[in-house]
Amino acid sequence: MDERRAALRIDAHRLRNRFDALAEIGATGDGGVHRPALGTDHLRAREWFLAEAGAIGLDTRVDGAGNQSATLACGPADAPALLLGSHLDSVRHGGRFDGALGVLAALEALQVVKDAGVQLDTNLEAIDFTDEEGTHLGFLGSLAVSGAMTADELRRPGSGLEAFQAALADAGLTEASILGATRDPSMIAGYLELHIEQGSRLNVMTSDIGVVTAIVGLRRQNVTYVGRADHAGTISMTDRLDAGQGAAGLMLAARELVMTDFPDSVVNTGVIAFEPGAMNVVPERARLTLEFRAPVADDLARLGVALEEMVRAEARTRNLGVEIDEVDGIQPVQLDPRAQHALASAADRLGLSHVAMPSGAGHDAQVMARICPAGMIFVPSAGGFSHSAREFTEWDDCVNGANVLLQAAVGGL
Ligand code: HGY
Ligand code: MN
Ligand code: MN
């Protein structure tokens with residue numbers, strides 16, 4: 001690589017100013033952010049991103065799925081674009097680093113290349129993907145770009161069709177525009193993402209950078225048990241058709257199944273709701289979310305079968321009805337060796353230690369891997385915390401990650 005490119009570094013102060021400004025949008029006051037996709041504060045963050053990119057002098061565009069891009073014509077006019085990015089949406093009451101760091105590091109990388117007047121073999125594009133966190137549909141934006149989003153899935157959002165369509169309207173999007181956001185893979189040279197690790201392995205291995213080798217697969221379902229509403233004081237304990245007991249029994253049994261038979265997998269219930277939802281009424285309906293993850297496709301499939309048997313066994317045991325609605329899911333993926341090599345070489349050039357590691361979190365990179373060479377790097381998460389206000393990464397680590405992303409981008413895949 002020529003010396004000028006190798007000498008490029010991000011402007012840490014500028015990145016920090018943007019990071020702190022973005023963290024104020026949807027701030028929860030305890031260090032976290034609440035920016036569920038297409039909600040008020042996420043829309044504000046999206047506008048802020050476009051304004052920042054425009055102020056840098058980058059061309060900006062928003063596609064039919066709401067993915068926002070800032071582009072830099074630093075390569076031949078007909079050259080494909082190397083995409084750098086992540087997501088600005090957050091989980092409910094999440095952390096200020098998840099997704100945001102990757103989007104801002106991408107924007108910073110484009111500004112450094114622009115200001116240096118460096119010409120590359122590809123053009124560069126900083127991209128903010130819509131609804132990575134699945135407030136409505138997980139990886140909505142990247143699935144649309146890859147052409148993998150279907151009309152059927154758009155009719156079954158986890159947030160409910162009415163809430164989803166209202167959110168789309170607020171963002172000026174439609175189901176048709178989402179389905180029309182597919183891009184030509186031949187015009188995408190690759191995708192690179194900087195992200196916080198959201199776990200503790202980098203801390204344990206005392207490594208500066210994680211070069212991601214593979215990303216976990218996951219499935220998400222809504223399970224509803226149906227019993228009978230009764231007076232909580234007068235119906236005998238043995239005569240109850242208690243939907244809440246079905247939900248509770250499933251949660252405990254699912255954990256036991258995974259801990260015993262699927263040691264590399266995880267299962268989580270993050271939402272549970274009873275109807276009619278009164279202290280003195282035996283719950284007639286209990287809806288719980290069931291999300292499970294496995295690093296290899298076969299385990300994900302076997303775990304899905306085992307969990308479905310368990311869901312139905314709980315219903316039989318307690319004389320309850322049960323409905324299982326599949327929300328969304330994604331297969332595990334191996335990331336591109338060339339992208340891994342480009343990221344590891346960039347870390348070497350910067351004198352940073354790095355270790356190859358899989359991801360237990362899902363990321364847009366696993367969707368983009370279907371249509372282009374995709375790679376990811378992690379920087380350490382203090383305490384391994386994420387998806388909460390406790391999420392934190394030392395600023396030096398953020399700067400290291402942003403420089404690795406920049407150097408990998410100018411080095412090419
Ligand atoms: O849930 C995940 O793994 C990611 O944060 N969307
Ligand atoms: Mn994320
Ligand atoms: Mn996340």
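This is a predicted model: local features need pLDDT of at least 70, side-chain atom pairs count only at pLDDT 80 or more; totals for chains, interfaces and linings use all residues.
The manganese ion (ligand 3) is coordinated at 2.0 to 2.8 Å by Asp-98 (OD), Glu-133 (OE), Glu-133 (OE) and His-387 (NE2). Along the chain, these donors follow the spacing D-x34-E-x253-H. A distance of 3.4 Å separates the manganese ion (ligand 3) from the manganese ion (ligand 2), and Asp-98 coordinates both.

Helix H12 (residues 337–349) and helix H14 (residues 395–411) have axes that come within 8 Å and cross at roughly 115°. The crossing is right-handed. In this contact, Ala-342, Leu-343, Ala-346, Ala-347 and Arg-349 of H12 meet Val-404, Gln-407 and Ala-408 of H14. Of these residues, 6 are nonpolar, 1 is polar and 1 is charged.

The whole structure contains 23 salt bridges. In one of them, Arg-18 pairs with Glu-108, with the closest N and O atoms 3.5 Å apart. Arg-18 belongs to helix H2 (residues 12–23) and Glu-108 to helix H4, so this pair ties together parts that are 90 residues apart in sequence. Arg-18 counts as buried at 8% relative accessibility, as does Glu-108 at 0%.

Another salt bridge joins the side chains of Asp-299 and Arg-302 (3.1 Å, N to O). Both residues lie in helix H11 (residues 297–317), 3 residues apart, about one turn of the helix. Asp-299 is buried, with a relative accessible area of 16%, whereas Arg-302 is partly exposed, at 42%.

Note on methods
Residues are numbered from 1 along each chain as its sequence is written. Chains are lettered from A and ligands numbered from 1 in the order in which they are written. Side-chain values use heavy atoms; hydrogens and water are left out. Donors are N, O and S atoms within 2.8 Å of the metal (3.2 Å for Na, K and Ca); water is not among the atoms, so sites may look incomplete. Axes are lines fitted to C-alpha atoms, for helices over the stretch in contact, and angles run from 0 to 180 degrees between N-to-C directions. Helices (H or I, at least four residues) and strands (E, at least two) are DSSP runs, numbered from the N terminus. A crossing is left-handed if the near helix is turned anticlockwise from the far one by less than a right angle, and right-handed if clockwise. Contact means heavy atoms within 4.5 Å. Ala, Val, Leu, Ile, Met, Phe, Trp, Tyr, Cys and Pro count as nonpolar, Asp, Glu, Lys and Arg as charged, and the others, Gly among them, as polar. A salt bridge is a side-chain nitrogen of Lys or Arg within 4 Å of a carboxyl oxygen of Asp or Glu. Buried means under 20% relative accessible area, exposed over 50%, partly exposed in between (1.4 Å probe, protein chains only).
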